[in-house]
Amino acid sequence: MGILEVKNVGKRFGGLQALGDVNLSVKENTVHAIIGPNGAGKSTLLNCLVGKLIPDTGSVMFDGQSVLGRKPYEINQMGISRVFQTPEIFGDLTVMENMLIPCFAKRDGAFSLNAITSVPSETDVIEKAEAMLVEMNMADKRHMHSASLSRGDKRRLEIGMCLSQEPRLLLLDEPTAGMARADTNNTIDLLKEIKDQRDITIAIIEHDMHVVFSLADRITVLAQGTPLVEDDPQNIRGNPKVREAYLGESA
Ligand SMILES: Nc1ncnc2c1ncn2[C@@H]1O[C@H](COP(=O)(O)OP(=O)(O)OP(=O)(O)O)[C@@H](O)[C@H]1O
Ligand SMILES: [Mg+2]
């Protein structure tokens, strides 16, 4: 039994069956990669896991509790944090100010913009944010405007913001998309450290196979909204079904 159990999940957008009949079991303290061609339904599936979308059919259980029908912040409180496909940091705020938001939100249970003004007097919140910046190796960038960070550092900040909420399950939607190779390798190293040093399960959507094979313990290949194969990385490489799914994309 996995910490995350997805059973028979389907999601339709008008005439389009974005997810057919998805079954997925993510084991605790592993890195599970979900790969597949563009439009396969990967982000739709993640949206169903975090309360952004409600599937038409099926169930999603996290640690024995259903996530369906819960609001995103409630799912967050259950121990699931997500890094979105498009970075979700505030470019006008400094690195430290961005980090303060989830550190405060965790304590209060819900995100509130009004809360930001009261943060500076909250020593514990500031200490927590500072500690997380140190852990993310970003303490020297604390006063920088977040918009001016490199793509890799934006992701690093975002991942730190998620970790400050002490999730048991971290979901990452293409964390290295659009990155230069050096930034990608830094992100791989960061995720390896997180995997080794924390009691955490990671589910990652990723197009870059170098990232997938560097990190994943298990891989699910999604094609046209349906899992095609779920297997260990060594069996995914060279699997003709997987090759066909990707060749179909470029044909
Ligand atoms: N809100 C929506 N309304 C209508 N169609 C949608 C919506 N969201 C996604 N889709 C469609 O559902 C299908 C799956 O999209 P999804 O974004 O989940 O794919 P993906 O595997 O994440 O692709 P990519 O690798 O490009 O990020 C696509 O055909 C997409 O156009
Ligand atoms: Mg996507």
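**Reading a ligand site**

Guide: Let us begin with one contact: a polar backbone atom of Gly39 is 2.9 Å from an oxygen atom of ligand 1. A polar contact is a pair of N or O atoms within 3.5 Å. This is a predicted model, in which local features need pLDDT of at least 70, side-chain atom pairs count only at pLDDT 80 or more, and totals for chains, interfaces and linings use all residues. Residues are numbered from 1 along each chain as its sequence is written, chains are lettered from A and ligands numbered from 1 in the order in which they are written, and side-chain values use heavy atoms, with hydrogens and water left out.

Visitor: Which N or O atom in a side chain is 3.5 Å from an oxygen atom of ligand 1?

Guide: That atom belongs to Glu174. The protein covers 60% of the 630 Å² of accessible area that ligand 1 has on its own (Shrake-Rupley method, 1.4 Å probe).

Visitor: Which element gives the largest share of the shell around ligand 1?

Guide: Helices are DSSP runs of H or I with at least four residues, numbered from the N terminus. Here H1 gives the largest share, 3 residues.

Visitor: How many residues of H1 are buried?

Guide: Buried means under 20% relative accessible area, with a 1.4 Å probe and protein chains only. In H1, 7 of its 8 residues are buried, including Lys42 and Thr44. Lys42 and Thr44 are also among the residues that come nearest to ligand 1. Just after H1, Gly51 takes a positive phi of about 85 degrees.

Terms used
Near = heavy atom within 4 Å. Polar contact = N/O pair within 3.5 Å; in protein donor to acceptor, adjacent residues only side chain to side chain. Helix = DSSP H or I, 4+ residues; strand = E, 2+ residues; numbered from the N terminus. Buried < 20%, exposed > 50% of the residue type's maximum accessible area, 1.4 Å probe, protein only.
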